[in-house]
Amino acid sequence: RNEAYFDRKAYLDAVEFSPLFTVDHFMDGDVDIYPFVSTGFADLDCQVREDGALGTTFLGMSCHLAPLDRPEVRLAVAVALDRRTLAKVSFSNESVPQLTDNFVPAKLKGFFPVAGDWEYDPNRARRLLSQAGFGDKKEFPTLTLYTSKSRRAFGLKVYRELQRELEAVGIGLSHREYGSLREVR
């Protein structure tokens with residue numbers, strides 16, 4: 001739980017996401033949720049859900065790196081993004097995106113709709129960035145979007161839209177693709 005988060009605090013103490021977790025971590029009980037990667041999971045004493053609508057796509061920020069280590073800057077980035085447009089850009093024939101302010105997918109037990117204070121508002125984003133000391137006197141550092149090479153078309157579409165939206169509030173964005181866990185590390 002991030003006590004410096006800009007909105008109400010999470011109910012969970014922590015949610016850790018990493019592409020470095022393995023099936024062994026799940027089997028040993030170190031990881032609570034893992035993709036259904038083999039029919040061997042069907043024999044386990046655990047709940048298995050199969051539904052493409054449970055997939056989530058999210059943008060994460062490295063909150064330990066400046067200037068994203070400041071809650072007001074993260075809020076500025078959040079309100080600078082038009083999530084509805086981003087969802088349309090990422091739409092494929094395989095899924096119909098559903099927006100949520102919650103990490104729990106809508107079809108999972110425990111989902112509850114949350115209304116946040118971060119609706120799309122580029123003017124508010126500019127004001128927040130200005131209050132944080134960015135603007136004419138101090139340029140905001142360029143952010144980097146990392147996407148998987150295996151999802152190249154998706155990553156490029158999302159990158160172009162994110163770049164357009166962030167540049168409108170004075171934030172530059174670069175793009176980097178990764179192809180292996182080694183590159184992620």
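A residue counts as buried when its relative accessible area is under 20%. This cut-off will be needed at the last stop of the tour, which passes through a predicted model.

**The whole chain**

Begin with the entire protein displayed as a cartoon. Six helices and two strands are present, and along the sequence they follow the order α-α-α-α-β-α-β-α. The protein has 185 residues, of which 26% are buried. Switching to a surface view shows an accessible area of about 13,000 Å², with carbon and sulfur atoms contributing 50% of it. Among contacts between residues at least 6 apart in sequence, 62% link residues at least 24 apart.

Select alanine 66 and proline 67 next. The peptide bond joining these two residues is cis, with omega at about 0°. In general, most peptide bonds are trans. Proline 67 belongs to the loop that runs between helix H1 (23-27) and H2.

**The two strands**

Now select strand S1 (143-148) together with strand S2 (residues 173-178). The two strands run parallel, and six bridges join S1 to S2. To view one of these pairings, pick tyrosine 146, whose bridge partner in S2 is arginine 176.

**Helix H5**

With S1 and S2, H5 forms a right-handed β-α-β unit.

Which residues of H5 are buried? They are Phe154, Gly155, Val158, Tyr159, Glu161, Leu162, Glu165 and Leu166. An α-helix has 3.6 residues a turn, so residues three or four places apart point the same way. Display the surroundings of these buried side chains as well: they pack against helix H2 (71-80), helix H3 (83-90), S1 and S2.

**Glutamate 177**

Finish at glutamate 177, which is located in S2. Is glutamate 177 buried or exposed? Its relative accessible area is 15%, and the cut-off for a buried residue is under 20%; glutamate 177 is therefore buried.

Show the side chains around this residue. Apart from neighbours within four places in sequence, glutamate 177 is in contact with Thr147, Lys149, Arg152 and Glu183. With one of these, arginine 152, the glutamate 177 side chain makes a polar contact, side chain to side chain, at 2.7 Å.

Technical notes: Residues are numbered from 1 along each chain as its sequence is written. This is a predicted model: local features need pLDDT of at least 70, side-chain atom pairs count only at pLDDT 80 or more; totals for chains, interfaces and linings use all residues. Side-chain values use heavy atoms; hydrogens and water are left out. Helices (H or I, at least four residues) and strands (E, at least two) are DSSP runs, numbered from the N terminus. Buried means under 20% relative accessible area, exposed over 50%, partly exposed in between (1.4 Å probe, protein chains only). A polar contact is a pair of N or O atoms within 3.5 Å; within protein, one must be able to donate a hydrogen and the other to accept it, and residues adjacent in sequence count only if both atoms are side-chain atoms. Contact means heavy atoms within 4.5 Å. Accessible areas come from the Shrake-Rupley method with a 1.4 Å probe; for residues, only the protein chains shown count as cover. Two strands pair if DSSP finds at least two bridges between them. A crossover is right-handed if, with the strands pointing away from the viewer, the path from the first strand over the helix to the second runs clockwise.
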